[in-house]
Amino acid sequence: MQKALADEIVACLQGERTVYSYYRDRYGIGLLRHHCRQQPGRRAPVAALRRSAYAGLLEKPRLKPLLATCGGSLDEAWLNAADYDAAQMPFILNLALWGDESRSKWRWQQTSRPGVNLVLQLNFSGEHERLFAPLGDADHLFTCYSHPVARQRHTLAWARIDIDWASGSALIEEIQNDWLRYADDLEDWLLRQKRAGAGDQDVVKYGYRKLPLPLGQSLAYCRHLRERYQPIWAEAMLWAAIDFLREEIGIAHIYYHSEASGRLLKRIGHSAPPRSLYTELPRRFCFQPTADWPDFLLADKANAGLRRQNPAVGMFRLAA
């Protein structure tokens with residue numbers, strides 16, 4: 001997308017902070033709520049939903065036992081009443097930009113066309129910061145600053161998004177996280193230190209900077225991340241992106257890369273992201289495989305050429 005458009009979106013929507021709460025499978029309620037709004041009378045019969053792309057959502061443990069109380073159809077009020085979990089996790093959302101309009105920089109920034117991406121950052125809240133504080137000045141252990149992460153907060157994950165106003169379409173280029181991946185590496189290293197004889201009260205030096213870390217507290221922190229955030233970060237990030245595009249921007253058509261289209265259009269030759277992010281995850285969110293690519297990508301001659309050469313490569317498109 002053009003930088004001027006991205007700058008305008010950020011200027012209009014970027015506040016000091018946006019609090020975003022998420023719990024496991026919350027996206028299912030959100031997708032069904034949006035679907036109900038599109039139906040006559042703003043109600044969706046359960047029987048029709050079972051024949052639709054949303055059928056799998058009705059089998060979610062959070063929703064399945066409640067269907068007996070909905071009177072045979074779902075509406076926004078019923079879904080709003082079900083939209084709560086005492087164990088929900090708070091995050092902070094920020095907007096940023098990624099990329100450059102210069103065509104010469106297109107290849108390394110891994111955008112699907114020349115221009116910039118809007119970045120939606122999913123940042124940790126104060127709950128995390130209190131647990132992280134005992135590790136000291138350890139930000140660099142969990143962050144790659146050449147990625148689109150926040151500078152004033154700690155970023156759990158981010159989504160890069162390309163938007164085309166003319167068609168009311170958007171492409172979610174990627175969702176990704178560094179923090180948990182680097183925490184897994186640190187946890188493995190700390191466990192090796194314990195096996196070598198180090199105790200929980202010891203201070204060990206990690207990384208090329210030899211950062212002193214309290215072994216026991218650092219290991220507890222890494223385990224907390226793995227248990228609390230690893231199971232939900234991807235769906236929390238993708239739902240934040242979808243909800244942002246629909247509710248804040250008013251986008252009607254949302255595309256998501258398949259593994260093949262991402263490799264092809266972002267020119268990824270190696271070090272591909274986890275395959276499940278571009279296979280299992282979009283299907284859980286009711287994205288449907290499509291042979292079509294967004295027209296705004298095909299307006300670029302290089303992409304049009306790739307399309308002709310790779311007619312079997314499709315993407316995902318979110319059900320209406």
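This is a tour of a predicted model, stop by stop, with what to select and what is there.

Local features are given where pLDDT is at least 70 and side-chain atom pairs where pLDDT is 80 or more, while totals for chains, interfaces and linings use all residues. Residues are numbered from 1 along each chain as its sequence is written, and side-chain values use heavy atoms, with hydrogens and water left out.

**Helix α1**

Select residues 3-13, helix α1. Helices here are DSSP runs of H or I with at least four residues, strands are runs of E with at least two, and both are numbered from the N terminus. L5, A6, I9 and V10 are buried in α1; buried means under 20% relative accessible area, exposed over 50%, and partly exposed in between, with a 1.4 Å probe and protein chains only. Look down the axis: the buried residues fall within an arc of 135°, so they line one face of α1. The arc is taken from the directions from the helix axis to the C-beta atoms. Now colour A4, A11 and C12, which are exposed on the other side of α1.

**The largest pocket**

Select I175, Q176, N177, P273 and P274, the closest to the centre of the largest pocket among its 37 lining residues. The space there is about 740 Å³. On a 1 Å grid over the protein atoms alone, a pocket is an open set of points with protein on both sides within 12 Å along at least five of seven lines, a cavity is a set where a 1.4 Å probe fits but cannot get out, and lining residues have an atom within 4 Å of a point. Grid points are joined across faces, edges and corners, and a volume is the space filled by probe spheres set on the points.

Next show α5 (106-109), β6 (155-164), β7 (169-176), α8 (179-195), α10 (233-249) and α12 (280-284), each of which supplies at least two lining residues. The lining has 17 nonpolar, 11 polar and 9 charged residues. In this count Ala, Val, Leu, Ile, Met, Phe, Trp, Tyr, Cys and Pro are nonpolar, Asp, Glu, Lys and Arg are charged, and the others, Gly among them, are polar.

**The second largest pocket**

Move to L93, A240, D243, F244 and E248, the closest to the centre of the second largest pocket among the 24 residues that line it. Its volume is about 460 Å³. Two or more lining residues come from each of β1 (18-22), α2 (26-37), β4 (89-100) and α10. Helix α10 gives the largest share, 8 residues. By class, the lining of this pocket has 10 nonpolar, 6 polar and 8 charged residues.

To see its lining, select H257, S258, E259, G262, R263, K266, I268, A272, P273, P274, R275 and Y278. These divide into 5 nonpolar, 3 polar and 4 charged residues.

Keep E259 and R275 selected: they form a salt bridge, with the closest N and O atoms 3.0 Å apart. A salt bridge is a side-chain nitrogen of Lys or Arg within 4 Å of a carboxyl oxygen of Asp or Glu. R275 is in the loop between α11 (259-265) and α12, and E259 is in helix α11, 16 residues apart. R275 is exposed at 53% relative accessibility, whereas E259 is partly exposed at 27%.

**Other salt bridges**

The count for the model is 19 salt bridges. Select R24 and E235, whose closest N and O atoms are 3.4 Å apart. R24 sits in the loop between β1 and α2 and E235 in helix α10, 211 residues apart. R24 is partly exposed at 44% relative accessibility, and E235 is buried at 1%.

Then take R26 and D83, a salt bridge at 2.8 Å between the closest N and O atoms. R26 lies in helix α2 and D83 in the loop between α4 (76-82) and β4, so this pair ties together parts 57 residues apart in sequence. D83 is buried, at 14% relative accessibility. Finish this stop with R37, R42, E76 and E247, linked in a network of salt bridges.

**Cysteines**

A search of the whole structure finds 0 disulfides, a disulfide being a pair of cysteine sulfur atoms within 2.5 Å. From C36, the nearest cysteine sulfur is that of C70, 9.5 Å away. C36 is buried at 1% relative accessibility. From C144, the nearest is that of C222, 18 Å away, and C144 is buried at 19%.
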